[in-house]
Amino acid sequence: MENGKDIADFAVNYGVSHGASYIEARVVDSRDESYATRNGVILSGGITYLCGIAIRVLANGGMGFCSTANLTKNTIEAVIEEAIKLAKASKRKTPITFSDEKVVQAKWKTPVKIKFEDISIEEKQKFMFDIDKILNKEFRFKLPTRTFLLDLYSDEKYIVTSEGSKVESENSIISTISFNTAKGKAGGEQRMLNLGGTSGWEWIEENNVVEKILDDNKCLVKAARNAIETNLNEVDVVISGEVAGIMAHENVGHPSEADRILGREGAQAGESFYLDLIQKGNLGDIKIGREEVTIIDDPTRPGNSGFYLYDDECVKARPRYLIKKGMLNELLLNREYASRYNTKSNAAARAISYKREPIIRMANTYFAPGDFTFEELFEDIKTGIYMKSFTEWNIDDRRFQSKYVGLEVYLIENGEITDTMIRRPILELTTFGILGNVDAVSKDFNSPHGYCGKGEPMQGVPVWLGGPHVRLRNINLGGKNK
Amino acid sequence: MSENEDFLKVAIEIAQKENIDEVIAQRIKGKTYQIRFSNSLIDNSKIWSNDILELFLAKGKRTTQIDIEAPNPTKIRNTIIKASKFLLKLPESFLYNGMESNLHTYKKLDQIFDPKIMSFSEKAPELVNTAIQTSLESGAKKVAGVLYFGYSKTELMTNYGNEGSYDGSYYRFTIRSFVDAESSGQGIVCSRNLSGVEKKFSQAGIKAGEIAKMAVGGTQGHPGKYDVIMSPTVAANVLGQVFDGLNPIKIMIGMSPLKNKHIGKQIASEDFTVVDNALLDNGLGSRPFDVEGTPTGKTPIFTNGILEGLLHNTSTSKMEQVENTGNSIFFDFGIGSKFLAPGPSNIVISGGNYTLEEIIAECKKPTIYLTSNWYTRFTNMMDGLFSTIPRDGMFLIENGEIKKPVRKLRLSDNLLRICSNISAIGKDVQQIYWWEVVTPTFSPTIKVNDCTITAATQ
């Protein structure tokens, strides 16, 4: 990394002296170790080491980006010159500007007790094979297809800007994906369970990962074997932290991204229905849900998958209150879009590798806990469903029309969760249909891991999307795909 | 001997000294450019200087795959020595049944490289701005999109003596035009060569603008059963989910609606004929050899609705005791390490006899015409239960005419049912490759009967 830091400093000086009004250089030195198994037999395993530099420039009001793994001065000079030339050739009528931010010199790192490279390859494989043995022993033919992925990523990063900011960081992310198929009377059910966090190898034990995977598969098998079709129409719905988390992410986090609102993702991930709201009112005055709804995106939570303390534009991270008591409160901003709104960045700029530009991303997005106990949520429900997990989901590109298909779902009758499992109920709701029908939020909390896709080329960043249990009243279940 | 060949030989020699049985060394070197634009202005221009050495190492049935960026002899040596030690600690993979060991020569694919690409960065920003202007003049109020272009040299060497190389160039251009926030249209054009590129960009911009104008005033559509006309863009995405499942490994792990029992059976409508063709002059996925060094070719997938077979590499062809189709790629699950598995090159759906206008005119039942879509996800991949979200212009057709633009609907259906309910195929075969279609797919307009359309309940 020392050589990389020198090269990054060189790049910034070179860019400034060759016509860039702003330049930032980001060197990332990463190690990615991963394995995949199918039914306890290895599919793949490998360790890839990558080190390269990303350079972003502003010149004549245009933006240019280049990256290379060839960290020689000649190569760096050539790519910077080309990036500046292309930035100038964009001939923008309105120049791109960045918000003024405090110049910082800082270091941060993910707390790690056991580094991935300090654990033997054999132990990592034993962890994977043991999980499969446990699942196979427990379920046999009921869970005939089991795929498991383990990914151990770590990096060192150095970012330097022509304004004088310098941030060094060390990150470590562990994640698993379990994709299994359970056999049932009415066909099969499939489940992709993502678990992960910013941590070292200790994460597995500290988070009872083996138990979590076993419990999740018990639910998958139960759903495949026991869930029944129903003709439920209007019901009250209690959703788990997992389901609340994906809604917080898709229905609130994404439309809060200022680059979408102002059209930059127009041809890719799309725009945002927030544009209509913001044109008619001011942040803080726009009601978007009931007052029980507070949704936060917070990069500063240690251990969560989207943890960081400075973003990839050297801006200090802080929690972002996207919705506060039902009112649209804050957008997700990087420096370019903070400038467009004449405000400060709230440090939402992230890039997944040295080959990608930093763009506005979520980190750890969640419904804020409320005052209810878990039991109190159900007390006055006459007929309802309790949706603990989901399978299929999607949402339109303005982030308004969403769909969540339940996997582990129980019938609620007269205030009690029954043993009756409902097969694949569908919440096909607008964002208003969700946020406008929340009337209670529990005190408990769950923290699922996931990957968020956005940008072009696609950048799948690790995020965390969770929350407490949330109750929605009088929901009409949606139509099924047959 | 070129520098590339040196590196490939160096890699194989080092691996063999480390007692590795089988080695693939593939180097891809070149440049990729991207110009992103939105609000009718260029947002960012990017350049990637690519130089990657992809290595596959096997000892018996133990395998690993590693990438080396900006390779040099020291990096290659150190990486292979580390990987060799790592490899010995891996268990054997029952899926690995060897790689291509016969010696081959390869076809020359001269048409997949256009030397004009080397200087295209000089005029690309201007062409983008011209296309934006054209779309605005055709009625759009704002325009977003992306242009990618680039070139690369791919060189391959294996321990069995197979050697080959090819040069490739490409561009792909997506333009999305908006009249207002909910009235939009998209145009796509992609090619290996730059002939007529300026006109093609403008035509894509005009098409996007025209769809956007037609979408103005759209209203909430009604859920129900409809016949659906899928534009080439939509057909490439939706049916692409089936083609992705041509990989026997995906079938094995439950990520495909296809099953071995479907082979030889009619599971799609009689008009549906599809091949995987790696030798097309203009195909963005064209290549003379796969990563094992097996010569590529043209593989029938569906003939008149009958599933002819799957795509294979050496390992899966031995496993299934069928012919190797030369489709070996370095495959991954989106994250994590790669391994040898089959993957498509260019998917080609045969065109039919109809123009779009004729397909529309023959619609007797209420029909929804989808011009674009995104976010296709599954309730169950093995069963093919999915939904996808239309975006850009979507239109209700009644009595053989486009009646009105509609909005806020979702296609919620089953892939195999869609295959078997294809009722008309257009002549308008177009290469599609964009954000939502990552396998180059030559696709026509396709009409499917009796699809389930859903909408938000509140």
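Colleague: Which residue in β2(B) is the bridge partner of C66(A)?

Modeller: This is a predicted model, in which local features need pLDDT of at least 70 and side-chain atom pairs count only at pLDDT 80 or more, while totals for chains, interfaces and linings use all residues. Residues are numbered from 1 along each chain as written, chains are lettered from A and ligands numbered from 1 in written order, and side-chain values use heavy atoms, without hydrogens and water. Strands here are DSSP runs of E of at least two residues, numbered from the N terminus, and strand β3 (residues 62-68) of chain A runs parallel to strand β2 (residues 41-59) of chain B, with four bridges joining them. In β2(B), the partner of C66(A) is I47(B).

Colleague: What area is buried between chain A and chain B?

Modeller: Contact means heavy atoms within 4.5 Å, and 101 residues of chain A are in contact with 86 residues of chain B. Buried area is the accessible area (1.4 Å probe) that two parts lose on being put together, summed over both. Carbon and sulfur atoms give 52% of it, and the value for chain A and chain B is about 7,800 Å².

Colleague: How many salt bridges does the rule find across this interface?

Modeller: The rule asks for a side-chain nitrogen of Lys or Arg within 4 Å of a carboxyl oxygen of Asp or Glu. One such pair is D397(A) with R391(B), at 3.3 Å from N to O. Across the interface of chain A and chain B the count is 12.

Colleague: And which strand of chain A gives the most residues to the side that touches chain B?

Modeller: By class, that side of chain A has 36 nonpolar, 35 polar and 30 charged residues. Nonpolar covers Ala, Val, Leu, Ile, Met, Phe, Trp, Tyr, Cys and Pro, charged covers Asp, Glu, Lys and Arg, and the others, Gly among them, are polar. With 10 residues, the top contributor is β2(A).

Colleague: Is N171(A) buried or exposed?

Modeller: N171(A) sits in strand β6 (residues 166-184) of chain A. Beyond its neighbours within four places in sequence, N171(A) is in contact with residues including W108(A), Y153(A) and F307(A). Buried means under 20% relative accessible area, exposed over 50%, and partly exposed in between (1.4 Å probe, protein chains only). Because its relative accessible area is 13%, N171(A) is buried.

Colleague: Which side chain makes a polar contact with the side chain of N171(A)?

Modeller: A polar contact is a pair of N or O atoms within 3.5 Å; within protein, one must be able to donate a hydrogen and the other to accept it, and residues adjacent in sequence count only if both atoms are side-chain atoms. For N171(A) the distance is 2.5 Å, and the partner is T110(A).

Colleague: How many bridges join β5(A) to β6(A)?

Modeller: Two strands pair if DSSP finds at least two bridges between them. Strand β5 (residues 145-161) of chain A is mostly covered, with 16 of its 17 residues buried, and R146(A) stands opposite N180(A) in β6(A). The two strands run antiparallel, and the number of bridges is 16.

Colleague: Which residue in β19(A) stands opposite I385(A)?

Modeller: Strand β16 (residues 383-387) of chain A has four of its five residues buried. Five bridges join β16(A) to strand β19 (residues 409-413) of chain A in an antiparallel run. Opposite I385(A) stands L411(A).
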